[in-house]
Amino acid sequence: MPNDTFLLYGFDGVPADLPAALGELAAQARTAPDLSQRIDDTARLHYPAWVPFRVDESCFVVHDLDDSTWLGCLAAVSGLVDAQLDARVLPWRLHVFPGVEGIPGVAGAGTVAVLQITHALGGGGRTCGPAAVMFGRQGAVAPVVPVYGHPAMLPWRSVEAARAHRQLVADTEAGRVPPAATPRPPLRTNDRPSGVRSMRTVVRDRAQLAGATVTVGALAGISEALAGQLRELGTDPSSLGAEVTMAKSGPRQAYNHFGTVGVGLHPSLPVAQRRDAIAAELAARRERAAHPAMRASERAFAATPAPLLRWGIGQFNPDARSATVTGNTVVSSVNCGAADFGFGGKPVRLAAAFPGLSPMVGLTHCVTGVGDTISISVFAAESAIGDIDAYLDRLNAALG
């Protein structure tokens, strides 16, 4: 399935010498290990491997917008989703849109840069680090060394995983571990995406989302806005839930060091109680994910022989429909850290990420922070929520 991550950055101004600024980005990107490798998948009996990749001008594309407004730029970015990268040839590409008017937090014309990068190098929470280095942040991002187990270890690790799973079941029944999230019925947001696909952002100062963590505050606002939009479209939102990305515990051993969990959005509760309920569910999911059974399962999976794994992946049917879902929308969080980087001398003012749509999810969100600026991005198919601007009005109101 196409899975490129799209990270968007808004800069305050346009570089005076754009070719020179791009040359500087290329030089800095060569110092980032994540951006200096591609995938070699020629050995069919083995796992794909990372091999060196030379950053050159093919990694950068400057776009001349017909509509240079902020919404016009987002429309152009949504059109890029259809041109997915082949990570065996080009693992990432930076799209540059100079002279964009109306970027949130920018008074005049600014520059938008969009990093399109293969998800094999991680989601936005990982790839924003190398991106910041490319834009001039001092320091380095530690490379990831994937951990594999020898195939001969698979039988023993499978036994360990089975034992750990039985312990998880016993701990759950005894109340020592929270139960797994209950699957939810699909809503219209889970229909196969169709119609116009659109991107939007709601931007807030970090202090405006006080009263809970940024992610919980955003989830509470999404709950109110999405429930209202679905009611308007004739859909009962009482079972509304979200599929939320959650970092795994322990040291990073993979570029994608996270899982997804189901969380109820409780749209019928008052906002303060809704935040408490969402936070409690996230805490329960985190506690369950820390059980040793999860690590045992991962160790067994890491010893799966490559030919067997390839066969298993080949059985995946992207056209199959499920009677239940983890969530009715996807909500991710990306912390880009300090606003300590720029483009051609122009400081960053905004960061946003747009998780892709899938056959079972036609609406995704991402809560992205850089400095004290938080953006809640929306990527939606018309089939999921109808008028995206009406939904954005609801989200703006729900977030205060």
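**Close-up views of the predicted model**

**View 1. Just after helix α3, Gly136 takes a positive phi of about 110 degrees.** The model is predicted: local features need pLDDT of at least 70, side-chain atom pairs count only at pLDDT 80 or more, and totals for chains, interfaces and linings use all residues. Residues are numbered from 1 along each chain as its sequence is written, and side-chain values use heavy atoms, with hydrogens and water left out. Helix α3 spans residues 124–134. Helices (H or I, at least four residues) and strands (E, at least two) are DSSP runs, numbered from the N terminus.

**View 2. Helix α3 is mostly covered.** Ten of its eleven residues are buried. Buried means under 20% relative accessible area, exposed over 50%, and partly exposed in between (1.4 Å probe, protein chains only). The buried residues are Gly124, Arg126, Thr127, Cys128, Gly129, Pro130, Ala131, Ala132, Val133 and Met134.

**View 3. Helices α4 and α7 pack with their axes within 8 Å.** Helix α4 covers residues 154–173, and α7 covers residues 292–302. Their axes cross at roughly 160 degrees. Axes are lines fitted to C-alpha atoms, for helices over the stretch in contact, and angles run from 0 to 180 degrees between N-to-C directions. The two helices are therefore roughly antiparallel. That label needs over 145 degrees; under 35 is roughly parallel, 65 to 115 roughly perpendicular, and the rest oblique. From α4, the contact (heavy atoms within 4.5 Å) uses Leu154, Arg157, Ser158, Glu160, Ala161, Ala164, His165 and Leu168. From α7 come Ala293, Met294, Ala296, Ser297, Arg299, Ala300 and Ala302. By class, the contact of α4 with α7 has nine nonpolar, three polar and three charged residues. Ala, Val, Leu, Ile, Met, Phe, Trp, Tyr, Cys and Pro count as nonpolar, Asp, Glu, Lys and Arg as charged, and the others, Gly among them, as polar. In α7, Ala293, Ala296, Ala300 and Ala302 are buried. The buried residues of α7 pack against α4.

**View 4. Arg157 sits in helix α4.** Is Arg157 buried or exposed? At 16% relative accessibility, Arg157 counts as buried. Neighbours within four places in sequence aside, Arg157 touches Gly149, Ala296, Arg299, Ala300, Ala302 and Ala303. Gly250 lies 93 residues from Arg157 in sequence. In space, the two are 19 Å apart, C-alpha to C-alpha.

**View 5. Helices α5 and α6 bring their axes within 9 Å.** Helix α5 runs over residues 214–232, and α6 over residues 271–289. Their axes cross at roughly 120 degrees. That makes α5 oblique to α6. Val216, Leu219, Ala220, Ser223 and Glu224 of α5 make the contact with Arg274, Arg275, Ile278, Ala279 and Leu282 of α6. By class, the contact of α5 with α6 has six nonpolar, one polar and three charged residues.

**View 6. Helix α5 also packs with helix α10, residues 388–398.** The packing angle is about 145 degrees. The axes are 8 Å apart. In α5, the residues in contact are Gly221, Ile222, Glu224, Ala225, Leu226, Gly228, Gln229 and Glu232. They meet Ala390, Tyr391, Arg394, Leu395 and Ala398 in α10. This contact of α5 with α10 has seven nonpolar, three polar and three charged residues.

**View 7. Trp50 and Tyr255 form an aromatic pair.** Rings of Phe, Tyr and Trp (its six-membered ring) pair if their centres lie within 6.5 Å; planes under 30 degrees apart count as stacked, over 60 as edge-to-face and the rest as tilted. By this rule the count comes to nine aromatic pairs. The ring centres of Trp50 and Tyr255 are 5.5 Å apart and the planes are at 65 degrees, so this pair is edge-to-face. Trp50 lies in strand β3 (residues 49–52), and Tyr255 in the loop between β8 (241–247) and β9 (258–264), so the pair ties together parts 205 residues apart in sequence. Trp50 is partly exposed, at 28% relative accessibility. Tyr255 is buried, with a relative accessible area of 6%.

**View 8. Five aromatic residues form one cluster: Tyr9, Phe11, Phe135, Phe341 and Phe343.**

**View 9. His266 has a positive phi of about 45 degrees although it is not a glycine.** His266 is placed in the loop between β9 and α6. At 25% relative accessibility, His266 counts as partly exposed.
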